[in-house]
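Hi everyone, thanks for making time this morning. Let me put the structure up, and then we can walk through a few of its residues together.

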Amino acid sequence: DLGGPRENVRDGCTGVVCDDSPGRDFAASLTRLLASSDTRTAMAHHARAYARQRTWNAAMQPLFRTWRD
């Protein structure tokens, strides 16, 4: 849960963000995804839609707002 994942993965919607425990959270998340093709399909759909609207301009707007403030 550092850098890119925090900005680009919406936990439970476009993917899964795991904590930094030594693999336990990752293993549990992977097990849940493997057990549910509906969840995987929904996440894939949402991830693609999110990626299509995630232009460079849109990605940089929070940074630009910070600089202006």
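A quick definition to start: I call a residue buried when its relative accessible area is under 20%, exposed when it is over 50%, and partly exposed in between, using a 1.4 Å probe and protein chains only. Please keep in mind that this is a predicted model, where local features need pLDDT of at least 70, side-chain atom pairs count only at pLDDT 80 or more, and totals for chains, interfaces and linings use all residues. Residues are numbered from 1 along each chain as its sequence is written, and side-chain values use heavy atoms, with hydrogens and water left out.

Let's begin with Thr 14. Is Thr 14 buried or exposed? With a relative accessible area of 13%, Thr 14 is buried. You'll find Thr 14 in the loop between α1 (4–8) and α2 (24–35). When I say helix, I mean a DSSP run of H or I with at least four residues, numbered from the N terminus.

What does the side chain of Thr 14 reach? It comes to 2.7 Å from the backbone nitrogen of Arg 10. For contacts, I count heavy atoms within 4.5 Å. Leaving out residues up to four places away in sequence, Thr 14 touches Asn 8, Val 9, Met 43, His 46, Ala 47 and Tyr 50.

Next along is Gly 15, in the loop between α1 and α2. Gly 15 is buried, because its relative accessible area is 13%. Its contacts, again not counting residues up to four places away in sequence, are Val 9, Arg 10 and Met 43. Gly 15 and Met 43 are 28 residues apart along the chain, and their C-alpha atoms are separated by 5.9 Å.

Asp 19 is also found in the loop between α1 and α2. Asp 19 is partly exposed, at 45% relative accessible area. From Asp 19 to Ser 37 we count 18 residues in sequence and 23 Å in space, C-alpha to C-alpha.

Now on to helix α2, where Ser 29 lies. Ser 29 is buried, with a relative accessible area of 5%. Ser 29 touches Val 16 and Cys 18, not counting residues up to four places away in sequence.

Phe 26 is found in helix α2 as well. Here the relative accessible area is 51%, so Phe 26 is exposed.

Moving to helix α3 (residues 37–53), have a look at Thr 39. Thr 39 is partly exposed, with a relative accessible area of 33%.

Last stop, the aromatic rings. How many aromatic pairs does a search of the whole structure find? The search finds one. The rings of Phe 64 and Trp 67 have centres 5.9 Å apart and planes at 45°, so this pair is tilted. The rule here is that rings of Phe, Tyr and Trp (its six-membered ring) pair if their centres lie within 6.5 Å; planes under 30 degrees apart count as stacked, over 60 as edge-to-face, and the rest as tilted.

Phe 64 and Trp 67 sit three residues apart in helix α4 (residues 56–68), so about one helical turn separates them. Phe 64 counts as partly exposed at 29% relative accessibility, whereas Trp 67 is exposed, with a relative accessible area of 61%.

Notes:
Helices (H or I, at least four residues) and strands (E, at least two) are DSSP runs, numbered from the N terminus. A polar contact is a pair of N or O atoms within 3.5 Å; within protein, one must be able to donate a hydrogen and the other to accept it, and residues adjacent in sequence count only if both atoms are side-chain atoms.
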